[in-house]
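Thanks for coming. I will go through one structure today, starting with the ligand and then moving to the domains and a helix pair.

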Amino acid sequence: MTLILNKNDVVSVLDMKDCMNVVENAFKELANGTAVLPLRTNIKPPDGLSLYMPAYIKEMKALACKVVTVYKDNPKNHNLPVVIGKVLLQDPDTGDVICIMDGGYLTAVRTGAASGVATKYLAREDKNQIAGIFGTGVQARMQLWAVQVARDISKAYVYDISDEAADKFIEEMSKKLNLEIIKADSPEEVLKADIICTATSSATPIFDGKQVKAGTHINGIGSHTPNARELDTEIIKRSKFIGDSKEACFSEAGDIMIPLKEGAITESHFYAELGEIITGKIKGRINNKEITLFKSNGLAIQDVATAKLIYDKAIEAGIGVEVNI
Ligand SMILES: NC(=O)c1ccc[n+]([C@@H]2O[C@H](COP(=O)([O-])OP(=O)(O)OC[C@H]3O[C@@H](n4cnc5c(N)ncnc54)[C@H](O)[C@@H]3O)[C@@H](O)[C@H]2O)c1
């Protein structure tokens with residue numbers, strides 16, 4: 001039998017704290033060599049882009065593949081979203097697909113979770129910290145949630161080029177997180193924060209890296225093509241650079257590839273992978289002055305670990321529809 005889980009089912013069982021735990025374990029297995037993470041396969045049909053993201057996490061007993069499509073004309077032509085994602089979860093003992101679930105909310109939560117784990121290991125540990133979020137879309141919501149799970153946050157600044165998007169974010173997230181959220185009038189105002197997340201659709205730098213305070217931690221999650229970046233050369237130079245995957249950073253992330261091409265940094269500027277910090281193979285932050293930066297490109301291990309978590313919780317709660325395919 002195959003369990004089918006729609007978006008509401010996924011939302012009802014998926015919590016950020018649990019997701020951060022499994023995502024942390026997935027990064028640990030990646031660093032320890034017990035996870036299999038092939039490169040993403042991309043296919044370009046005439047009207048869009050189709051991405052296949054498989055992974056196997058051995059100790060977790062999690063095997064799955066996420067299928068994500070990006071079809072720009074979907075809303076206009078088919079009344080469907082631009083981005084559609086679904087995950088096929090398999091039983092690693094038999095190979096059978098045991099669950100098909102919606103992947104949209106899963107993707108946002110697992111992306112937040114990676115930043116949450118990076119914040120847990122890299123941000124300063126003092127109480128009453130301020131969060132700063134660039135962008136107020138789907139991902140930004142989960143970034144703030146994750147940062148609040150990882151650290152004691154007293155308030156947050158958010159900045160978006162769309163006032164309407166920022167207002168909606170504040171209305172929704174201040175209630176959900178029981179947190180004071182302030183709409184920043186300029187990118188500079190967000191730089192007052194101790195922990196910053198960049199989650200925008202911008203292809204060019206969104207703030208001046210010279211103005212970032214000593215001791216800040218940054219999670220950069222947007223812009224993952226070689227020619228697009230949210231972060232300027234200055235902030236990359238000033239930061240201790242940690243990536244989800246070295247390979248992904250040097251093949252997809254303009255944030256580091258552009259300064260490298262400019263000759264502003266060398267490859268050795270890449271300090272460590274997140275898994276190496278979690279497992280203690282490499283030390284993370286060493287004082288309260290340095291700026292730490294986590295670049296997230298999004299790895300299939302995050303999807304697979306989260307899908308297994310959702311499936312286990314759904315079975316426990318008795319939700320979803322079972323079909324005999
Ligand atoms: N790293 C990962 O694993 C991962 C996963 C999913 C999505 N993403 C990326 O995250 C980013 C955000 O995705 P989303 O789904 O939330 O998109 P979204 O369209 O819902 O939100 C993006 C927001 O950014 C705002 N924005 C654009 N330029 C800005 C600027 N210069 N300053 C401030 N705000 C600006 C837009 O107005 C919009 O509100 C995208 O780049 C997406 O590709 C990364």
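First, a term: a helix here is a DSSP run of H or I with at least four residues, and helices are numbered from the N terminus. Keep in mind that this is a predicted model.

Which element gives the largest share of the shell around the ligand? That is α5, with three residues. The shell holds 25 residues, and those that come nearest are Gly-135, Gly-137, Gln-139, Gly-222 and Gly-298. By class, the shell has 15 polar residues, nine nonpolar and one charged.

Next, the domains. The assignment puts 2-107 + 301-323 in domain 1 and 123-298 in domain 2. Their centres, taken over C-alpha atoms, are 24 Å apart. Where they touch, ten residues of domain 1 are in contact with eleven residues of domain 2. On the domain 1 side, helix α2 (residues 16-32) gives the most, with nine residues. That side divides into five nonpolar, three charged and two polar residues.

Last, the helix pair. Helix α4 (residues 104-122) packs with helix α12 (residues 300-317) at an angle of about 115 degrees, and the axes are 9 Å apart. The crossing of α4 past α12 is right-handed. From α4, the contact uses Leu-106, Thr-107, Val-109, Arg-110, Ala-113 and Ala-114. From α12, the contact uses Gln-302, Asp-303, Thr-306, Ala-307 and Ile-310. Six of the residues in this contact are nonpolar, three are polar and two are charged.

Notes. Residues are numbered from 1 along each chain as its sequence is written. This is a predicted model: local features need pLDDT of at least 70, side-chain atom pairs count only at pLDDT 80 or more; totals for chains, interfaces and linings use all residues. Axes are lines fitted to C-alpha atoms, for helices over the stretch in contact, and angles run from 0 to 180 degrees between N-to-C directions. Helices (H or I, at least four residues) and strands (E, at least two) are DSSP runs, numbered from the N terminus. A crossing is left-handed if the near helix is turned anticlockwise from the far one by less than a right angle, and right-handed if clockwise. Two residues are in contact if their C-beta atoms, placed from the backbone, lie within 7 Å. Ala, Val, Leu, Ile, Met, Phe, Trp, Tyr, Cys and Pro count as nonpolar, Asp, Glu, Lys and Arg as charged, and the others, Gly among them, as polar. Domain bounds come from an automatic or database domain assignment. A residue is near a molecule or strand if its C-beta atom, placed from the backbone, lies within 6 Å of it.
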